[in-house]
Amino acid sequence: PRPILLTRHGESRDNVRGRIGGDSVLSDTGEIYMKKLANFVEKRLKSERTASIWTSTLQRTILTASPIVGFPKIQWRALDEINAGVCDGMTYEEIKKNMPEEYESRKKDKLRYRYPRGESYLDVIQRLEPVIIELERQRAPVVVISHQAVLRALYAYFADRPLKEIPHIEVTTRQIEIGVSLLISCCG
Ligand code: F6P
């Protein structure tokens, strides 16, 4: 079977500060993950000459991929994190305090809630369609380094999870025992 490896970027400085969105670099913990991931990928895919590494266009995924050598890298805007619109750069506490109606609407229906001037999970799922088509078309392994909301949607697609679960699937930046923070799924 051909592996599709899905992983979140290493922890970013905004993750540490609890700020959503943005385009920050990695924290020290994120840099450790970045190195572990490179070792893991190089070992796991060393006999797979045609494998490729897909990232978003945001620094934290590009940096996470940077020590992985020997494979082509492709950046996809469609793999960028959910656009939090006017809430970009805020913490959840700040949203709760300054925009309580927005906070409550999201809590009520996280799947359909669209950030003002931003996106909803349903929007993200829709824009991932070309990525999914291309992932299925590939014959070689692919390592996808992306973001929490995007990975929830991709994972749900490959693991056949129901739509309503998507915004709540756990995706961590900290699980480093096996070197990847989400999963390895296999397609035929
Ligand atoms: O906090 C990190 C992050 O990737 C944010 O940039 C993004 O808005 C958020 O996770 C998505 O997760 P949730 O939908 O649970 O807020």
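Mentor: Start with contact: two residues are in contact if their C-beta atoms, placed from the backbone, lie within 7 Å. In this chain, among contacts between residues at least 6 apart in sequence, 68% join residues at least 24 apart. Mind that this is a predicted model: local features need pLDDT of at least 70, side-chain atom pairs count only at pLDDT 80 or more, and totals for chains, interfaces and linings use all residues. Numbering runs from 1 along each chain as its sequence is written.

Trainee: Why is Arg60 called buried?
Mentor: Buried needs 20 or more other C-beta atoms within 10 Å of a residue's own, exposed means 12 or fewer, and partly exposed is in between, with C-beta atoms placed from the backbone. Arg60 has 29 within 10 Å, so it is buried. Of the 188 residues, 36% count as buried.

Trainee: Which residues is Arg60 in contact with, leaving aside neighbours within four places in sequence?
Mentor: His9, Ser12, Ser24, Val25 and Leu26. By contrast, the C-alpha atoms of Arg60 and Ile166 are separated by 22 Å.
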